[in-house]
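Let's take a walk through this structure together. We'll begin at the ligand and then move on to some strands.

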Amino acid sequence: MNTPSTRTRDGAGTRTRDGAGTDWWREAVIYQIYPRSFADSDGDGIGDLPGVVARLDDLVALGVDAIWLSPFYPSPQADAGYDVADYRDVDPIFGRLADADRLIAEAHDRGLRVIVDLVPNHTSSAHPWFVEALGAEPGSPARDRYIFRDGRGPNGERPPNSWRSVFGGPAWTKVDGPDGTPGQWYLHLFDAGQPDLNWDSTQVRDEFVAILRFWLDRGVDGFRVDVAHGLVKQADLADWHYPEETTSGDHVDQPRPPMWDQDGVHEIYRQWRSVLDEYPGQQILVAEAWVQPAERLAAYVRPDEMHQAFNFEYLEAAWTSEAQRTVIERSLAATDKVGAPTTWVLSNHDVLRHATRLALPIGAARPRGIGANDPQPDTALGLRRARAATLMMLALPGSAYLYQGEELGLPEHTTLPDEVRQDPTWRRTDHTERGRDGCRVPIPWEADSPSYGFGPTDASWLPQPPVWAEYALDRQRDVPGSTYELYRTALRLRRELGLGAGRLRWLESPEDVLACCVDEVTVVTNFGAEPVSLPPGTEPLIASGPLNGSGRVPTDVTVWARQRVR
Ligand code: GLC
């Protein structure tokens, strides 16, 4: 079956508003920087913006088109900066506002675009609005910017509804009066330090338009919109009966939960899009929306809304030819219908790194974090599959997201001591779910330097495992066959061959093999036990692992091939 992508470099849909060339974001490779773990300039063990600036040349050498920075705004860091106390400044741990300006300018000088994180579902509990709300009366305008409600029960001692926090425990916290009189409850779909905003409030809407303008005026190229599916809640805040084993409720066969993916969110994004469209250039909105199926997600990227949405269905797909083909077909079909590019993503700061995740038993429930006493995944198997998955991903039409460190083949840190964990999930689940710290460990640049070159000292806000030395950039640069060189070559070829704007066509293949053409390139991934041959008349261009003696593709390897030149 064919799943043609309708995007071509010259297609009508790819022109910019001013007619100057293609829309960069339709095929961009965007590199996620998690600032606290990328590069530390001052040796305090926490990465910072000057550290990012100092490493921009490395990202140019890697060959990405843009960077997306996770939040660097002033914050108590209750959720690693996703609890924002001031949307218009930089937290001192990351630098100053002038450092953000310099970063944007230096990135632009090198041809890199810059996307910043926007966190509109909630503020920090330290945000002046929330502090004001706590001191204000129930029903006051200050409280109306958030979601305060009376509790249930004779004295309001029970939460207003059954909703749970994504990080565990109830999604409500009670605020008693200074004299101990029982007070109202406020909603937080995440940590108690992240009160949800009330998006029915005009003040809230106006404020976020002003925040968009603040960063657009500073020259950013777009916004990754945190929890884009959560801003609007069903008006009656109806109870929700959670399907077993999930707090997010984003399962395809369930009725839609009253706190996620409500139709009202789209009006907000249409307004934001019109703000972005006032600016010259091509700034983008990217939805972080854990929404399935693909057709519902596609609603976020209709022509007058956002530009892209993360494809988490792809990230979550099992490592089988059937699951991979299904998700690729479905994703392309759904976004094609609305004229948006599909995105592809395998890792980020919220999930197990794919070099570890892909080694877990296929079909089993994925743990939220792995600890030293858990069964340890097979690192070699995980890396082999991760390299194959990445090479497959980088051939696909659309835009691809990389998460810092994956170009080094970094696995999850699966033996972090529990006492250093900082993810609120660990605390809020009474230490039953370890959470996301294992994918957030500062990354290694130089094998023989303090903190593996993360910073000038040994300090590192999460301990780096000794094995990081093997993965350091300086151990892999210019080393044939290294994961870093695989990424670098694949990114170069992807660009040269225009694969991001290509057209995908499936080829006949054995059951355990995925084979397709993207324009002139044949892509083969072998999920089966036996090696397979490349299509006749083709020769390998790049492979995610060594081919066996006869040039056949072994298990868990992807090859890009082209017609043999005589
Ligand atoms: C998003 C972020 C995650 C954060 C949450 C709450 O899912 O990616 O890191 O904890 O939103 O802001």
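A polar contact here is a pair of N or O atoms within 3.5 Å; within protein, one must be able to donate a hydrogen and the other to accept it, and residues adjacent in sequence count only if both atoms are side-chain atoms. Keep in mind that this is a predicted model, where local features need pLDDT of at least 70 and side-chain atom pairs pLDDT 80 or more, while totals for chains, interfaces and linings use all residues. Residues are numbered from 1 along each chain as its sequence is written, and side-chain values use heavy atoms, leaving out hydrogens and water.

So who touches the ligand? In the side chain of Asp-350, an N or O atom sits 2.4 Å from a ligand oxygen. On its own the ligand would expose 310 Å², and the protein buries 96% of that (accessible areas by the Shrake-Rupley method, 1.4 Å probe; for residues, only the protein chains shown count as cover).

Now for the strands, which are DSSP runs of E, at least two residues long, numbered from the N terminus. Strands pair if DSSP finds at least two bridges between them. S7 (residues 222–225) pairs with S8 in the parallel sense over four bridges, and Arg-224 stands opposite Val-286 in S8. S8 also runs parallel to S9 (residues 308–309), joined by two bridges; there, Ala-287 faces Ala-309.
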